[in-house]
Amino acid sequence: MEGKLSRSAKKITSSSIQELSQLAQRCNAINLAEGFPDFPAPTHIKNAAVSAINSDFNQYRHVQGVCDHVARMVKEMHGLDIDPLTDVAICCGQSEAFAAAIFATIDPGDEVILFDPSYETYEACVTMAGGVPIHVPLDPPQWTLDSSKLLRSFTERTKAIVLNSPHNPTGKVFTKEELEIVAGECCSRNCLAITDEVYEHITYDYLKHISLASFPGMQERTVITSSLSKSFSVTGWRVGWAIAPAFLASAIRNIHARVTDCAPAPFQEAALSALRSPPEYFESLRRDYQSKRDYIIKLLAGVGFKIEFIPQGSFFLFAELPDNCSLLDVCGYFHGRGKLTYGVDLSKIRWLGVLQRISIGYFLASISEIWLVNHNISVDSPAAFVKKYFIQWMFSILLCSVYLCLLYGLYVPNWKFEHSNLLWSSRLSIIENVHCEVRGSLEPPCNAVGFIDRLILGKDHIYQRPVYRRTEECSVNSPDYGPLPPGSPGWCLAPFDPEGILSSLMAAITCFMGLQYGHIIVLLQGHKQRVLLWSVFSFCLLLVGYILEILGIPLSKALYTLSYMFISAGASGLVLTAIYYIVDIEQLRKPTILLQWMGMNALVVYALAACDIFPAVIQGFYWHSPENNLVDASEALMQTILHSEKWGTMAFVIVEILFWGLFAGFLHKKGIYIKL
Ligand SMILES: Cc1ncc(COP(=O)(O)O)c(C=O)c1O
């Protein structure tokens, strides 16, 4: 059915500005993609809109007063005499006014001159009308108009020229001399001009915006388009206008009437208030924007951006990325030409890895099993059992004591850390001071676990995605990641390694506990005795864990607290006992075959699935936009089928586990095993 799309629809691609905006929303990034003001609309015009709705101005409506005010405004600003009854067409924002002007004037094959870079909708509208955009580049860094380039771009088919001043995206305000050249060419070539003047009130350094229509011979051939959007911070209200000679304004009005009928009625009423705003309003708008412009220039220049052109109007700024800066996006890396790296900064590389805690635990447990067990003692009594493993137990008690002494006894001083506050800038950073001067704190910012990692590994070499970001204090979506709630503590952004050195010692104790389950297998032959002993041992561990928790030692995986160690060891012991019962006693092997296969290739499954390597590769391929990938689409499908986000995700995870079980089974059948 795609063939049914019209030729012009096929030529129009999705708006890159809106795609970036959606991406920014998805990444919770500062959205600099779409040009919209970030301040509230003036109260008097909001009140006017509310009162228009309350007065039931809710039907199709043409508010002639808007045209009257627009006519008065262009007279005051540019000295142009406009008949508000015939020369103004109210539209849904400048966007519709511009589109209607193009449709009113451009036939297939007509050429339309656009200055490059230009606002993205111009080219789209010209193309939709069947016109041919002809680009005339403005010369950086000052974005000057080279008249010879302009002259060369005119042909017999040139029907119109589009001029946007103050300019998006450079911040340029066309000079009188440049406008004179454009006007001269338009007149001598009998060409129309369509101007976009949405930033007419936003100019800096006492520069004045001059309308192209105000040059001799231009008013009769110019369509001025503009709107309330930028001047009053109401980009969503959709009230704009076209000012043109009566025949053209009438054509634009007719197109507007057939496409949208009218601009939103209550907001046309509110426009009356907006357009009556006193000169002081526009003066303070200019002042505010100018101080913001100066602020951002200083800030960006301070962190290495190159700014060669100081914006003269609108609210855009062209800044060149610092040489050492790469844009990092959730879906991959952007690289400057000739700067291809894998995005790994060795000065900030994380020393500890995802598997290191397990490896430390297994390593300590295995060397203790080799060296700290008295292999000459054969166990024929409980006393002999104790004697055989005594040194190993003492060693684990020693490790545990070291951990506890450090956790509760080590003095943690104040500290500070740097975090970058822009998504892609590694150099723009904020220093956060963390006040500690305590011993024994188990709170996120001042515990000894983090302190030891900072001391030994260095702040730059530990995990930078703060593990505490999912707590209620640090995420509005807790227990998931999300934006910081208002007034969140500074330490929310502090680095912390969930695989830290001190907590790994305690994780090793869990492995020592695991060894004891193995000892029971080796020393006792009967199933019943093993199951009994394991169950008692596991329940005791759980009980001790819960008692410790009640006594005030919180369950914290990040710190691997004593209570967490006991409970995780006890729970794992119970799972082992249950699986032993099912597989070895009841001989029910089929239901656990997937687990068996996974165990045979645990490293492959861990690296590909748990470390997200496989999903990341799959997600790299998508259809049209990044969220249309196989992984996200399957999860969305489950959620749709089950009518629930939670249950859908659960089903997706189960399917994932099944997939990896079968994959491991396939490797097993092929005799492929990857081990260290
Ligand atoms: C140059 C330019 N023209 C027009 C518009 C859109 O104006 P409106 O909201 O009135 O459709 C924008 C919005 O970013 C713009 O930058």
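This is a predicted model: local features need pLDDT of at least 70, side-chain atom pairs count only at pLDDT 80 or more; totals for chains, interfaces and linings use all residues.
User: What span should helix H11 have at 1.5 Å a residue, and what is the distance between its end C-alpha atoms?
Analyst: Helix H11 takes in residues 279–302, a run of 24 residues. At 1.5 Å a residue the helix should span 34 Å. The model agrees with this, since the end C-alpha atoms of H11 are 35 Å apart.

User: Which residues of H11 are buried, and which residue just after H11 takes a positive phi?
Analyst: The buried residues of H11 are Tyr281, Phe282, Leu285, Tyr289, Arg293, Ile297 and Leu300. Just after the helix, a positive phi of about 100° is found at Gly304.

User: Which elements do the buried residues of H4 pack against?
Analyst: H4 has 15 residues and should span 21 Å at 1.5 Å a residue, which agrees with end C-alpha atoms 21 Å apart. Its buried residues are Val66, Cys67, His69, Val70, Ala71, Met73, Val74 and His78. They pack against strand S1 (88–91), S7 and helix H10 (265–275).

User: Is His78 buried or exposed, and which residues is His78 in contact with?
Analyst: His78 is found in helix H4 (residues 64–78), and just after H4 comes Gly79 with a positive phi of about 70°. Because its relative accessibility is 13%, under the 20% cut-off, His78 counts as buried. With neighbours within four places in sequence left aside, its contacts are Glu197, His209, Ile210, Ser211 and Ser214.

User: How many cavities of 30 Å³ or more are there, and what volume does the largest cavity have?
Analyst: The count comes to two cavities of 30 Å³ or more. The second largest cavity holds about 40 Å³ of space. The largest cavity has a volume of about 60 Å³.

User: Which residues line the largest cavity?
Analyst: By class, the lining has eight nonpolar residues, no polar residues and one charged residue. The residues that line the largest cavity are Trp415, Pro444, Pro445, Arg454, Tyr468, Trp491, Ala494, Pro495 and Phe496.

User: Which strand gives the most to the lining of the second largest cavity?
Analyst: This cavity is lined by Phe115, Ser118, Tyr122, Val162, Leu163, Asn164, His167 and Phe174. The lining divides into five nonpolar, three polar and no charged residues. With three residues, the most is given by strand S4 (residues 158–164).

User: Where is Pro141, and what is omega for the bond that joins Pro140 and Pro141?
Analyst: Most peptide bonds are trans. The bond from Asp116 to Pro117 is cis, with omega near 0°, and Pro117 is in the loop between strand S2 (111–116) and helix H6 (120–128). Pro141 is in the loop between strand S3 (132–137) and helix H7 (147–153). Pro140 and Pro141 are joined by a cis peptide bond with an omega of about 5°.

User: Is Ser233 buried or exposed?
Analyst: Ser233 is in the loop between strand S6 (222–227) and strand S7 (240–243). Its phi is positive, near 60°. Since its relative accessibility is 13%, Ser233 counts as buried.

User: What is the distance between the C-alpha atoms of Glu432 and Trp415?
Analyst: Glu432 is found in strand S12 and, at 22% relative accessibility, counts as partly exposed. Its contacts beyond four places in sequence are Trp415, Lys416, Phe417, His419 and Gly490. Glu432 and Trp415 are 17 residues apart along the chain, and their C-alpha atoms are separated by 8.6 Å.

How values were computed:
Residues are numbered from 1 along each chain as its sequence is written. Side-chain values use heavy atoms; hydrogens and water are left out. Helices (H or I, at least four residues) and strands (E, at least two) are DSSP runs, numbered from the N terminus. The expected span of a helix is 1.5 Å times one less than its number of residues. Buried means under 20% relative accessible area, exposed over 50%, partly exposed in between (1.4 Å probe, protein chains only). On a 1 Å grid over the protein atoms alone, a cavity is a set of points where a 1.4 Å probe fits but cannot get out, and a pocket is an open set with protein on both sides within 12 Å along at least five of seven lines; lining residues have an atom within 4 Å of a point. Grid points are joined across faces, edges and corners, and a volume is the space filled by probe spheres set on the points. Ala, Val, Leu, Ile, Met, Phe, Trp, Tyr, Cys and Pro count as nonpolar, Asp, Glu, Lys and Arg as charged, and the others, Gly among them, as polar. Contact means heavy atoms within 4.5 Å.
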